[in-house]
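Hi,

Here is the model I promised to pass on.

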Amino acid sequence: MTDSRDRSSAETTDPATPVGRSLDEGQADYMPALALAWSRSEPERIGEVALLPRRKQKLVLGRGSARHDDTLERVELCRQRPGKTVDTGPLDGKGVSRRQLEIDAGEMNVTRVGRCPLRVNGEVVATAQLRPGDVVTLENEYVFLCTRRPRELPAQRFYGVEHATDFGEADDAGLVGESGAAWELRDQLAFCARSDAHVLITGESGTGKELAAGALHALSARAAHSMVSRNAATFPESLVDVELFGSSKGYPNPGSPERLGIIGEADGSTLFLDEIAELPQPLQAHLLRVLDRGEYHRLGESKARRANLRVVAATNRAPESLKRDLLARLTLRVEMPGLQDRPEDIPLLFRHLLRQSAEKSPDVARLFCSEQRPRDPRVHPDLVEHVIRHRFTHHVRELDAILWRAIGQSHGEYITLAPEDAKTLVKVDRSRSAGEPTSAEIREALEKVGGSKSRAWQELGLSSRYALYRLLRKHGLDASTTE
């Protein structure tokens, strides 16, 4: 479908997608796409995408390159990175036919014409109309996620290419992902790192806020010093000042040792305070002078000290839950996208966790890895389909838990879905057309879930809550509902 040349970012004018924004939020140059999530014979290609034209056009997906007698244009895959798209060619799995699927790109209709059985969201079908979020399986050969992708990922403004690693692998800071949201997150962190202003990282539990703080520190001029990290929820209320500022020798009792405190320990570096909103607001006020001037007093000392530090705080609550004076001093904000905001990264994250499991546990490597692929445990495609369709509340942490439950209950050569997780699989209602929900459907969904937008987008089968926000604006509906 595409030629073999690299494509420069100069060919597109797509603006960068803001952190946490869904990829279906309506850039004119966004295209339907099939993202490769699992392959029996080509696992190294996970994360590649097949970009499909928006116009009505018949295409064919199958094994091998085009031949002179092909009547339809063939779908090929590519690797997208900011400013550069590299074509990687057609599928090469021996279990699929040369003409496996016919695709009507305009309507996103797929029809099986080859020998490999077709499943969509777990159901065996001969033909189906796809919409973003659907999982397309060519049985025991390939698993794809239907999504939307820009024709080109916007070039990075702040994140240097020297930090990038091989396609699909964790970067220097441990962040995994090739989606637009993942690359925008990297760019946002690099921008914050270049500034010395204090930062607030927000996001749901398990989205990787501590990992992002580590990336921000590693990309900053303070990286030569170790980052100091503490969970603010663990500060004893009566000892907050001692924990933060330390105490002099002999205070409060003769013979008491000198305590440096985490403010002094972080001098010249970054202080990461996780779960900052769990610190009672009266105690949050103790940080204000440090944030303003780096000034603090050790307990038992009358002379002020100064620390040259940058504070990075994180919370899974709304920013407004912080004391207003503290929030005003956390100048920069980074919102961590959840897995629902970058679903095409789930297979890459899952593979990363699988490899970590093999490194941590000799049993995993012995039972599920082959000599040909010692780093990659064998995983059943049904498990991959499950984690893509799963509605996460604790994101990567929950993904890791699903993996370890599956490992503990798998008895064959492949890691398979644990029975208790199979019960939670989302049933997809395909009765609605693949088009956008109507204004009436949106109102009905909001009423059904008590006005909660964070539940209504799931009820409507949208790709993320941000897709719902766009539709609320489009239809002029009241967005002042509960989260």
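Ala128 sits in strand S12, residues 127-129 (helices, H or I with at least four residues, and strands, E with at least two, are DSSP runs numbered from the N terminus). With a relative accessible area of 11%, Ala128 is buried, where buried means under 20%, exposed over 50% and partly exposed in between, using a 1.4 Å probe and protein chains only. Setting aside residues up to four places away in sequence, Ala128 touches Met108, Asn109, Val110 and Val120; contact here means heavy atoms within 4.5 Å. Met108 is 20 residues from Ala128 along the chain, and their C-alpha atoms are 8.4 Å apart.

A word on the basis: this is a predicted model, in which local features need pLDDT of at least 70 and side-chain atom pairs count only at pLDDT 80 or more, while totals for chains, interfaces and linings use all residues. Residues are numbered from 1 along each chain as its sequence is written, and side-chain values use heavy atoms, with hydrogens and water left out.

Next, the sheet. Five strands form an open sheet in the order S16-S17-S20-S15-S21, with parallel pairing (two strands pair if DSSP finds at least two bridges between them). At the edges are S16 (228-231) and S21 (332-335), each pairing on one side only. From one strand to the next the twist averages 15°; axes are lines fitted to C-alpha atoms, for helices over the stretch in contact, and angles run from 0 to 180 degrees between N-to-C directions. S15 (199-202) and S20 (310-315) run parallel and are joined by four bridges, and Ile201 has Ala314 as its bridge partner in S20. Helix H1 (180-194) packs on the sheet, where H1 touches S15, S20 and S21, and its direction makes about 160° with that of S21.

Helix H2 (209-218) has buried residues including Ala212, Leu216 and His217. The buried residues of H2 pack against H1, S15, S17 (270-274) and S20.

Finally, the cores. The largest nonpolar core has 30 residues, and Phe350, Leu383 and Ile415 are among those with the most contacts inside it; such a core is a set of buried Ala, Val, Leu, Ile, Met, Phe, Trp, Tyr and Cys residues joined through side-chain atoms within 4.5 Å. Elements that each supply at least two of its residues include S2 (30-39), S14 (142-150) and H8 (346-360). H8 gives the most to this core, with seven residues. A second, separate core of 29 residues includes Val228, Leu244, Ile262 and Leu309.

Cheers
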